[in-house]
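Thanks for coming, everyone. Let me put the structure up, and then I'll walk you through a sheet and a pair of domains.

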Amino acid sequence: MKKPLRLLLALLAALALLATACGSDSVSDAVDSASDAASDAVDAVDDAMDDDEDAMDDEDAMADDEDAMADDAMADSDTSVGLVYDIGGRGDLSFNDSAAAGLERADAELGIPFGEASPNDDGSNRAELLQLAADSNDIVVGVGFLFAGDAVAVAAENPDTNFAVIDDAMIDFGTGEPLASNAAGLTFAEEQGSFLVGAAAALKSETGQIGFIGGVCCFGLIEKFEAGFIAGAQAVNPDIEIVSEYITEAPDFDGFNQPDRAQVIATTMYEDGADVIYHAAGGAGNGMFQAAKDFSEDNGSKVWGIGVDSDQYETIGSVDPSLQEYVLTSMLKRVDVAVFEILKAQQNGTFSAGNTVYDLSVDGVGYSTSGGYVDDIADQLEAFKASIVAGDITVPTVPGE
Amino acid sequence: MRRIAFSLAAPVGAFVLTVIISTIALWIFGSDPFEAYGDMLGHARKLETQVDILNRATPFYLSAVAAAIGFRMNLFNIGVEGQYLIAFLVAAQVGGLISLPTVLHILIIMIVAMITGALYAGIAGVLKTTRGVNEVVSTIMLNAIAVGGLIAWLQREWQAPLPEQFSSSDLGTNPIDDSGLMPTINGLLEIFTREVGQGKELTGMLLIAVLVGIGYHVLLNRTRFGFDLRASGINPFAARAGGVPPKRMVVAAMMLSGAVAGLIGVVELADRGKFPPDPIQGLGFAGIAVALLGRNHPGGMVFSALLFAFLDVSSGVLDTTGVASREIATIMQGIVLLTAVVAYGVASRVKERDEARTAAEALAADASASTETVGASA
């Protein structure tokens, strides 16, 4: 008698999974949304009213609900933004902090209020956060290409909200069409910024040999850095010797997080005669700067490293100031500019779906001057920049083209 | 009456204590606790959020059952994490290569996932029985081998062919045909409620999780194997003396645990449609906490899985509205676990003392009654 009873209880408990989902909702349905209640009323007196809304089923009620929400959003403010960071949120000294800077600038200069969120540590709730941000904002920004898939799905469900994803083109490469009519992809002309630091490397190199370390090869992004770097160096010195190496191959993305392997590769390159190395390896790049310091101290001849994404003279300096003097310059990827520009476009009503590339002409990419190590060659770099902006130089995006 | 009071005292006490400590924590961090609770509950009242919670609770529950199978015989399978990731990858690859009618396709994928998980967990079981390697050490090391070695290597080997120009969403194993993906059960849910909005989809693996829960209950309480398992957990020496083969039990329990872990991979597969470059990690470890809170009980783990899922999903709304830091959800999960352990500890001690007293009283009554009879007869 006792055993079957307990089995029954277990069954009931299991069914409670479903029950929780159903029970409370019928209550919330009735009291929560006025439009639902209204549509119920329409249902009840359907025959009495002789209008066209004869089939006010649940689906229509839902649509009404969404319309009402969208109307609310339109009515109460001009533009507001919800931004979802990549895992870790603010304080990463890099990608997320750069996005936050753009958000704050838009708030200060354009008066666009913002809300922000970051995913769980396992990244399981990206789609939920995009939806939450879409509930109360006109535009939603996802920081990082991992938002691309979820953004397409959430954008389809929220046609009155605009979406922007950093670092993904958000277009179907087969047809060239946007993946969603209300989603923009914000990418960067990394090859143009890399061209300038490539030129800087060639101008500063005394051995005539320079190096490139990529974090992860073969998924189409890091090759842009390499191609620009090689083109920039060869524009200064056609005979320069350039060695390139990648830490890992996609889909193994660990290369961005392995400073020890970057250090080994960089040490080998320095020992073989390279005196300037550019890394596009995210967090792994710190290993290259460490190798530059160790090699310089051991051999008494100074070698350089070039940073990426943010001004690494500043970001590395906040972690280990002794590495600062080896940071020649950094290729800047201005995520803050991209965020600011897309918000400005939203406010002006000029938001457009599909890919927007931030290049040198809008200062979406560039190079840093902290430390003053490139002051002596600033004129030449500015001249290259002007030629690229003017279109006199076209920077390749694939190495060897 | 007394038994019900005892069994309710611990969970109710843990709940009250959790709310008190969480309120203090929120207040210390400068948030309005009542606004935070209001936001969490208000959010959870939406049907769409409830779908999110159930979707999150499903892998939590499976992971908890996987851990609980080991726990019931004092076998600590810390390797659910590695087992489900390996199973996820292998099942995705096999499912992506074959093309079959829908039910068969899904079944094959599930069986492959369960076998993979079982075999990977079985390594730890064999190591324990043949070489005496503690399963905690071996499963933790097998996690590292799975995530850092095997999966990284197989991911590259099994990358689907890439077009000339591609984006991050093209990375991963061959996408599985729809025939191989567990369908969503929005239709079933919508019998009871309105239509689910926002494109949210309730995972069909929820039904499998319910079946696994029932299966776990039946196995433990209705089969010879379950009896042997529990006996080995309570007193391995007595069990051995009673004819339970200890080695076979260790390997079997490990493999069963790994098979259930493999099903977590199928939940993820139903959601993603392939093994993506960024699979969700940490579900295996979450399951240990859920099993602990649910006291390895099939029903108890339902509630703890739902609670953990609710807190996880709430973190998003707290973060978005800015009412409280999203970390508060993790803090609450920790607090509820701690208070539950303490509350059950206290409750079992009080119960023991109460039983001892009742027994003593009964004995005393017996004794006095018998002396009376002796006296009367004398």
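Start with one pair: A:Met331 stands opposite A:Tyr367, which sits in strand 12 of chain A. Before I go on, this is a predicted model: local features need pLDDT of at least 70, side-chain atom pairs count only at pLDDT 80 or more, and totals for chains, interfaces and linings use all residues. Residues are numbered from 1 along each chain as its sequence is written, chains are lettered from A and ligands numbered from 1 in the order in which they are written.

Now, the strands. Helices (H or I, at least four residues) and strands (E, at least two) are DSSP runs, numbered from the N terminus. Two strands pair if DSSP finds at least two bridges between them. Strand 10 of chain A, residues 327-333, pairs with strand 12 in the antiparallel sense, over 3 bridges.

Zoom out to the sheet. It is open, has 6 strands and mixed pairing, and runs 7-6-8-9-10-12 in chain A. At the edges are strand 7 (241-249) and strand 12 (365-367) of chain A, each pairing on one side only. From one strand to the next, the twist averages 15 degrees. Angles run from 0 to 180 degrees between N-to-C directions, with axes fitted to C-alpha atoms, for helices over the stretch in contact.

Last, the domains, with bounds from an automatic or database domain assignment. Chain A has domain 1 (59-188 + 334-364) and domain 2 (191-329 + 371-390). How far apart are the centres of domain 1 and domain 2 of chain A? They are 31 Å apart, taken over C-alpha atoms.
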